[in-house]
Amino acid sequence: MGSASSTLTQYDIEDVQEHCNHLFSQQEIVSLYQRFCQLDRTAKGFISADEFLSVPEFAVNPLSQRLLKMVDGLNFKDFVIFLSAFNPKASMLQKIELIFKVYDSDYNGKVTFNDIMEVLRDLSGSFMSDKQREEVLIKVMQEAGYSKDSSLLVDDFVKILDHPGLKMEVEVPVD
Amino acid sequence: MVNSQDFKNSIPLSSISTPERGTKMSKLTSSSSELDLDRPNIEDYLPSDSIPQPHAKLRLRDLLDISPTLTEAAGAIVDDSFTRCFKSNPPEPWNWNIYLFPLWCLGVVVRYGILFPGRVLVLTIGWIIFLSCYIPVHLLLKGHDKLRKRLERALVELICSFFVASWTGVVKYHGPRPCARPKQVFVANHTSMIDFIVLEQMTAFAVIMQKHPGWVGLLQSTILDSLGCIWFNRSEAKDREIVARKLREHVEGADNNPLLIFPEGTCVNNQFTVMFKKGAFELGSTVCPIAIKYNKIFVDAFWNSKKQSFTTHLLQLMTSWAVVCDVWYLEPQNMKPGETPIEFAERVRDIISVRAGLKKVPWDGYLKYSRPSPKHRERK
């Protein structure tokens with residue numbers, strides 16, 4: 001009586017591994033698959049926004065609405081690719097690209113002043129007024145050599161964020 | 001350069017200059033006091049990392065770096081403490097070995113072929129005895145309220161003992177047996193409806209339960225009603241007030257059955273405790289905690305009500321070797337001066353969690369049925 005832990009074949013696992021540049025081990029993929037099935041309550045092959053929100057820890061995250069746009073309706077392969085940016089072995093570029101995507105809500109490859117303001121609004125909620133936020137952001141952008149009208153590209157993000165202190169790592173629990 | 005250590009610990013907004021932080025903090029306290037008091041402040045439970053720390057100088061990098069928040073979100077997607085509370089734990093398979101496998105098969109034959117029919121028989125006999133006594137007592141002794149109540153109480157205890165016997169319940173009770181006394185309520189952690197049966201076999205408690213459909217509902221509205229049990233419908237807001245009023249009346253009454261409340265409001269898998277509802281703790285009466293711990297050696301007693309009906313849950317228990325559990329009646333607790341009902345509830349939850357060896361998680365069990373409101377998100 002094998003426990004019904006996984007219906008993934010060796011082939012499936014290797015296929016998924018290839019997709020995520022072998023950032024996850026086979027065991028991690030099995031474990032992620034179990035989690036995927038758990039979240040995909042109705043077993044339709046993808047995870048809906050509502051199912052993501054059924055995890056309260058995710059739902060209370062200030063960026064959850066933004067992330068939902070990125071993760072709504074992910075199938076297993078995309079689910080793994082999304083999470084691979086959080087792998088300790090993932091490149092800095094991959095991590096920064098993910099951060100960039102969170103800011104770039106219209107996916108035009110540019111992050112404007114307003115994009116940043118919106119994320120800040122999500123993060124600080126009602127604790128700060130828009131004016132306070134704007135002042136701070138203008139000041140900080142000027143210090144870094146940008147103006148209010150400049151839009152930031154991925155390269156700019158890399159320049160700004162590439163730093164060994166940037167830690168964005170999530171361990172996949174393997175039992 | 002910014003020191004990488006405190007850089008890591010800071011979240012983007014941590015670096016706002018001090019006066020602004022001051023107002024931030026005061027806003028935080030004032031907003032949390034207006035909140036729906038039923039929900040304790042989630043911030044209290046969050047790891048200290050996520051609480052802003054002062055920072056030397058704000059840089060664009062610090063503002064743009066949303067990695068801690070993203071990490072938290074991804075962490076929640078990969079694994080979260082809430083889902084773990086409601087995960088059934090299938091027993092470890094041990095039949096992998098060529099020697100053990102025949103033994104296991106033999107066990108299956110014994111469990112399903114001998115134990116199960118025997119238990120069904122026991123349960124049927126129990127029901128026959130129960131009903132043949134209960135119906136006459138209930139109908140004939142209309143005039144003698146006291147006697148009728150006493151007999152009905154004894155009969156419900158009897159049928160519960162039959163239930164426990166039908167899964168060969170090996171229950172160890174620790175501590176003094178509860179007695180009926182006004183102004184006291186019993187609270188216990190909740191794993192399955194069988195908690196109620198296990199406790200009921202010793203003392204006829206009046207319980208607050210959700211209204212169930214099917215045969216359980218029928219039992220609720222007929223037999224358990226005579227014990228003074230109170231029913232509610234989770235989804236109906238109006239029921240809340242009615243239940244609160246009935247609760248008060250019940251606690252005040254002198255010869256009512258002792259009241260039992262499962263303040264978690266939902267079944268948890270007996271490894272965690274979710275937040276306690278404050279209702280039981282603001283009655284101004286003594287709270288007697290009861291800790292229930294199931295031994296998972298033969299069967300997982302957690303009733304995953306989303307996956308199985310109560311009948312299948314009972315069948316699962318009846319086809320297992322035994323249900324082993326410990327029940328501790330703990331020291332009665334009173335609200336300390338200056339303590340809010342929520343703090344009191346948390347204190348009692350601590351006592352139960354420690355005794356039963358459960359981990360505490362800061363989630364409201366009702367999140368199983370609804371999604372957190374945007375208000376919560378904003379507060380974080």
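Predicted model: local features only at pLDDT ≥ 70, side-chain atom pairs only at ≥ 80, totals over all residues.
Visitor: At what angle do the axes of helix 1 and helix 2 of chain A cross?
Guide: Helices here are DSSP runs of H or I with at least four residues, and strands are runs of E with at least two. Axes are lines fitted to C-alpha atoms over the stretch in contact, with angles from 0 to 180 degrees between N-to-C directions. Helix 1 (residues 10-19) and helix 2 (residues 26-39) of chain A come within 10 Å, and their axes cross at roughly 100°. That makes helix 1 of chain A roughly perpendicular to helix 2 of chain A (the term covers 65 to 115 degrees).

Visitor: Which residues of helix 2 of chain A meet helix 1?
Guide: Contact means that C-beta atoms, placed from the backbone, lie within 7 Å. From helix 1 of chain A come Ile13(A), Val16(A) and Gln17(A), and they meet Gln26(A), Ile29(A) and Val30(A).

Visitor: In what order do the seven strands of the open sheet in chain B lie?
Guide: Strands pair if DSSP finds at least two bridges between them. The pairing in this sheet is mixed, and its edge strands are strand 1 (169-174) and strand 4 (230-232) of chain B. The order is 1-8-7-2-5-3-4.

Visitor: Which residue is the bridge partner of Met209(B) in strand 4 of chain B?
Guide: Strand 3 and strand 4 of chain B run parallel, joined by three bridges. Met209(B) has as its partner Trp231(B).

Visitor: Which residue in strand 5 of chain B stands opposite Val207(B)?
Guide: Strand 3 (residues 206-210) and strand 5 (residues 259-261) of chain B pair in the parallel sense over two bridges. Opposite Val207(B) stands Leu260(B).

Methods:
Residues numbered from 1 in each chain as written. Chains lettered and ligands numbered in written order. Parallel < 35°, antiparallel > 145°, perpendicular 65-115°, else oblique. Contact = placed C-beta atoms within 7 Å.
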